[in-house]
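Student: I would like to examine the charged side-chain contacts of this protein. Could we work through them one at a time?

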Amino acid sequence: MHSMSDASPARRPRALSGAQPTADSYHLGNYIGAFRQWVALQEEFEAFYFIPDLHAITVEYDPELLRERTYVAAAQLLASGVDPSRSALFVQSHVPEHAQLAWVLGGVTGFGEASRMTQFKDKSAKSGHDAASVGLFTYPVLMAADILIYQADKVPVGEDQRQHVELTRNLAQRFNHRFGPTFTVPEAHIVKQVAKIYDLQDPTSKMSGSSVSHAGVIDLTDTAKQAAKKIRSAVTDSGSDIRFDRAEKPGIANLLTIFSAVTGRDVDDLVAEFEGQQYGHLKVALGEVVGDFVQSFGDRTRELLDDRAELDRILAAGATRAREVAAPTLASVYERSGFVVPRADA
């Protein structure tokens, strides 16, 4: 989930994004598809990047694992280039306004409206409706609160999140209509130019941390050797010519996309370089490139994880900055909702 807002003359426009800590590590697809864009956004936006631990508890989970994964997520975002001197990096549960706004928005969300969310339908179909939690059902309402609490108005998201942004727009408009202008109404901005990375074992499916087999997923914690082995074992297509053709040659197209994304080289250049060579040559060369990348990324991450006190300090500072924006939004929501404003001098 990503979101950006236009600036008033007094400040830079805002960017907001989060990535769930539901796996032991983020993977190469997260880095290329999202985190690199986050880093670039810091140039022109006032950026808020968070680790959605409140979202992570809507399915069955292990508390100790969640805590560890939250630290790993923070370290990997910093290793990606998120700069805490320019951006607020924080943990969602450290900013209570997210949950407080979600409860208020729950009061203007229709039950039927929430039950039509495809992500809930998909996830609850796997475990059965009775096993799904109320948290999973209201997940999109919390996501709406994540966006609206920062008054963000452009929300660059993947196609799979477009429906959640539509709900966010509806809730913002409904609240504004009933209680007076309070929220900026965000718009979905589907990012098309970003390289999409597919599973190495199933090049028609997106690389995902929730894949049943992890053989096709390059984790950012993999060693150079592990990454190179996964690339060498990648499923390829019939024929032997190396060209970019997403429909006919999804396996080779995926390898070329990864090569281009990691090195910054143009796909056409790579096709020209490997002309007349075999798939194995491409895999060995790409294995080295990706191996070097994950090795240095892993070194940076481990260095950050070795100093938990410093990570705690960065996350606390990020939460303080986030609350400077979130608290005034929540105060105006509470006031318009008819809550009695607490008086310090009473």
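Student: Is R243 buried, partly exposed or exposed in this predicted model?
Tutor: The relative accessibility of R243 is 34%. Buried requires under 20% and exposed over 50%, so R243 falls in the class between them: partly exposed.

Student: How far apart are the closest N and O atoms of D245 and R243?
Tutor: D245 and R243 form a salt bridge, a contact that requires a nitrogen-to-oxygen distance within 4 Å. Shared partners place this pair in one network of salt bridges joining D241, R243, D245 and K249. The closest N and O atoms of D245 and R243 are separated by 3.0 Å.

Student: Which helix holds both R67 and E64?
Tutor: The side chains of R67 and E64 meet in a salt bridge, with 2.8 Å from N to O. R67 is partly exposed at 49% relative accessible area, whereas E64 reaches 53% and counts as exposed. The two residues are three positions apart, and therefore about one helical turn, in residues 63–80, helix α3.

Student: How many residues separate R14 and E46?
Tutor: R14 forms a salt bridge with E46, the closest N and O atoms lying 3.4 Å apart. Both residues are buried. The pair links distant parts of the chain, with R14 in strand β2 (residues 14–18) and E46 in strand β3 (residues 46–51), a separation of 32 residues.

Student: How many salt bridges does a search of the whole structure find?
Tutor: Side chains of opposite charge can pair when their charged atoms come close. Searching the whole structure for salt bridges gives a total of 15.

Terms used:
Residues numbered from 1 in each chain as written. Predicted model: local features only at pLDDT ≥ 70, side-chain atom pairs only at ≥ 80, totals over all residues. Heavy atoms only, no water. Helix = DSSP H or I, 4+ residues; strand = E, 2+ residues; numbered from the N terminus. Buried < 20%, exposed > 50% of the residue type's maximum accessible area, 1.4 Å probe, protein only.
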